[in-house]
Amino acid sequence: TIDEYVGTPLTLVNVQSPSEFKLDQVFAAGFPGSVIESDQEFIKLIELGEFSVPDLVITDGTISSHQKVFGEVLAFVHTAQMSGGNSGGPLVNQCGNVIGVNTFINTSTDGVRNFSLILQFLSRSMVVPRVSARECK
């Protein structure tokens, strides 16, 4: 368990019109294993079981499009680089609000596509997030 204060929860954006986000700058955050495996805090966590937080890995990019993945869930396709371990991390806009949850990478002969689920999927799980009331400009 975590017995200490570790930060402020991020605010979520209620995405009603995903097409309005096209070409917006975004940031993917997470702890991809291939990047943090040499981080001293990560090594302490794994080898010694000490509570420590590795350095957060943040990459930037833009929203390329939105589409339904697996036939039902809306997702943003974006260019912020992701690696294995980014899944579950936030996709954040330039105002620091979460607009999606990083979920998977699709690599093909014509390039890499990074997907972040649009937060509408939370309502199916009966999760009621704190949604931003302010507009990001």
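The legends below describe close-up views of a predicted model.

Residues are numbered from 1 along each chain as its sequence is written. Local features need pLDDT of at least 70, side-chain atom pairs count only at pLDDT 80 or more, and totals for chains, interfaces and linings use all residues, while side-chain values use heavy atoms, with hydrogens and water left out.

**View 1. Overall fold of the protein.**
The protein holds two helices and six strands. Both kinds of element are DSSP runs, numbered from the N terminus: helices are H or I with at least four residues, strands E with at least two. Read from the N terminus, the order is β-α-α-β-β-β-β-β. Of the 137 residues, 33% are buried. Buried means under 20% relative accessible area, exposed over 50%, and partly exposed in between, using a 1.4 Å probe on protein chains only. Contact means heavy atoms within 4.5 Å. Among contacts between residues at least 6 apart in sequence, 58% join residues at least 24 apart.

**View 2**
Two strands pair if DSSP finds at least two bridges between them. S1 and S2 (residues 57-69) run antiparallel and are joined by six bridges. Ala-29 has Ile-58 of S2 as its bridge partner. S2 also pairs with S3, again over six bridges in the antiparallel sense. Bridge partners here include His-66 with Phe-76 of S3, and Ile-63 with His-78 of S3. A hairpin is formed by S2 and S3, with three residues between them. Phe-70, in the turn, has a positive phi of about 55 degrees. Five of the six residues of S3 are buried, so this strand is largely enclosed by the rest of the structure.

**View 3. The aromatic pair.**
One aromatic pair turns up in a search of the whole structure. The rings of Phe-21 and Phe-76 have centres 5.5 Å apart and planes at 50 degrees, so the pair is tilted. Distant parts of the chain are linked by this pair: Phe-21 sits in the segment before strand S1 (25-30), Phe-76 in strand S3 (residues 73-78), 55 residues apart. Rings of Phe, Tyr and Trp (its six-membered ring) pair if their centres lie within 6.5 Å; planes under 30 degrees apart count as stacked, over 60 as edge-to-face and the rest as tilted. Phe-21 and Phe-76 are both buried.

**View 4. The second largest pocket.**
Its volume is about 200 Å³. The lining counts 15 residues. Nearest the pocket centre lie Leu-10, Ala-29, Gly-30, Leu-56 and Pro-90. S1 and strand S4 (90-93) each supply at least two lining residues. S1 gives the largest share, three residues. By type, the lining divides into eight nonpolar, seven polar and no charged residues. Nonpolar covers Ala, Val, Leu, Ile, Met, Phe, Trp, Tyr, Cys and Pro; charged covers Asp, Glu, Lys and Arg; the others, Gly among them, are polar. A pocket is an open set of points on a 1 Å grid over the protein atoms alone, where a 1.4 Å probe fits, with protein on both sides within 12 Å along at least five of seven lines; lining residues have an atom within 4 Å of a point. Points are joined across faces, edges and corners, and volume is the space filled by probe spheres set on them.

**View 5. Surroundings of Ile-43.**
Ile-43 lies in helix H2 (residues 40-48). Ile-43 is partly exposed, with a relative accessible area of 24%. Leaving aside neighbours within four places in sequence, Ile-43 is in contact with Glu-37, Ser-38 and Leu-48. Pro-54 is eleven residues from Ile-43 in sequence and 8.6 Å away in space, C-alpha to C-alpha.
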